[in-house]
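Colleague: I have the model open and would like to go through its fold with you. Can we start with the sheet and then move to the helices?

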Amino acid sequence: MKILFLHSSSDLYGASKIILAVNELCLKKGYHCIVVLSEDGPLASKLKALGATVILADLGILRRQYLNPAGILNRLVANYKAYRLITRLCKTEKIDLIYSNTTGVVVGVFVASKLGIRHIWHVHEIIEKPKVSKKKPINPETELDAE
């Protein structure tokens, strides 16, 4: 199985530690992992050391600093470019699953929907509304094997 991971940073805190652990598990199971990060840094180095393919690209990450008219336009343009890049990557690499790590990474859900690819959105934030976002979490050890 080929999994495309989308993540918003390359630090080694919280969500980054989790994506590192999930990649380690997936690589041990023999999956091919491609990780797109928005920047270079310690996470990129650790993922490469594990054997994951790492690509650096602007994913149009949603952050509070963009909550103004110019910022919203900036994010629309960045997400459009990311959408084209991720769509092309999914087609050329024949991706089976897109794993978006955190709610700030929105492009994955749109590409997955367009191409009919399964999508996991790993939500690390506490979200009370809308209620649809409170779905039961999955267990990657059991549900990634359900092919």
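Colleague: How many bridges join E2 to strand E3?

Modeller: First, the ground rules: this is a predicted model, local features need pLDDT of at least 70, side-chain atom pairs count only at pLDDT 80 or more, and totals for chains, interfaces and linings use all residues. Residues are numbered from 1 along each chain as its sequence is written, and side-chain values use heavy atoms, leaving out hydrogens and water. Strands pair here if DSSP finds at least two bridges between them. E2 and E3 (residues 53–56) run parallel, and the number of bridges joining them is four.

Colleague: Which residue of E3 stands opposite Leu37?

Modeller: Within this pairing, Ile34 has Thr53 as its bridge partner in E3. For Leu37, the residue opposite in E3 is Leu56.

Colleague: In what sense do E1 and E2 pair?

Modeller: Strand E1 covers residues 2–7, and six bridges tie E1 to E2. One of the partners of Leu4 to look at is in E2, namely Ile34. The sense of the E1–E2 pairing is parallel.

Colleague: How many residues of E2 are buried?

Modeller: Buried means under 20% relative accessible area, exposed over 50%, and partly exposed in between, with a 1.4 Å probe and protein chains only. Strand E2 spans residues 32–37 and is mostly covered. Of its six residues, the number buried is five.

Colleague: In what order do the elements of the chain run?

Modeller: Helices (H or I, at least four residues) and strands (E, at least two) are DSSP runs, numbered from the N terminus. The chain holds five helices and five strands. From the N terminus on, the order is β-α-β-α-β-α-β-α-β-α.

Colleague: Why do the buried residues of H1 line one face of the helix?

Modeller: The buried residues of H1 are Ala15, Ser16, Ile19, Leu20, Val22, Asn23 and Cys26. Seen down the axis of H1, they line one face because they fall within a limited arc, taken from the directions from the helix axis to the C-beta atoms. On the other side of H1, Lys17 and Lys28 are exposed. The arc of the buried residues is 165°.

Colleague: Which elements do the buried residues of H2 pack against?

Modeller: In H2, the buried residues are Leu43, Ala44 and Leu47. They cover an arc of only 100° around the axis, so they sit on the same side of H2. Gly51 follows H2 and has a positive phi, near 115°. The packing partners of the buried residues of H2 are E1, H1, E2 and E3.

Colleague: How far apart are the end C-alpha atoms of H3?

Modeller: The expected span of a helix is 1.5 Å times one less than its number of residues. H3 has 25 residues, so it should span 36 Å. The end C-alpha atoms of H3 agree with that, at 36 Å.

Colleague: Which residues does Thr87 touch, not counting residues up to four places away in sequence?

Modeller: Thr87 lies in helix H3 (residues 69–93). Thr87 counts as buried because its relative accessibility is 6%. A contact means heavy atoms within 4.5 Å. On that count, Thr87 touches Val111, Lys114 and Leu115.

Colleague: Why is the pair of Phe5 and Tyr99 tilted?

Modeller: The structure holds one aromatic pair. Rings of Phe, Tyr and Trp (its six-membered ring) pair if their centres lie within 6.5 Å; planes under 30 degrees apart count as stacked, over 60 as edge-to-face and the rest as tilted. The ring centres of Phe5 and Tyr99 are 4.9 Å apart, and the pair is tilted because its planes lie at 50°.

Colleague: How many residues apart are Phe5 and Tyr99?

Modeller: Both Phe5 and Tyr99 are buried. Phe5 is in strand E1 and Tyr99 in strand E4 (residues 97–101), so to speak distant parts of the chain. Their separation is 94 residues.
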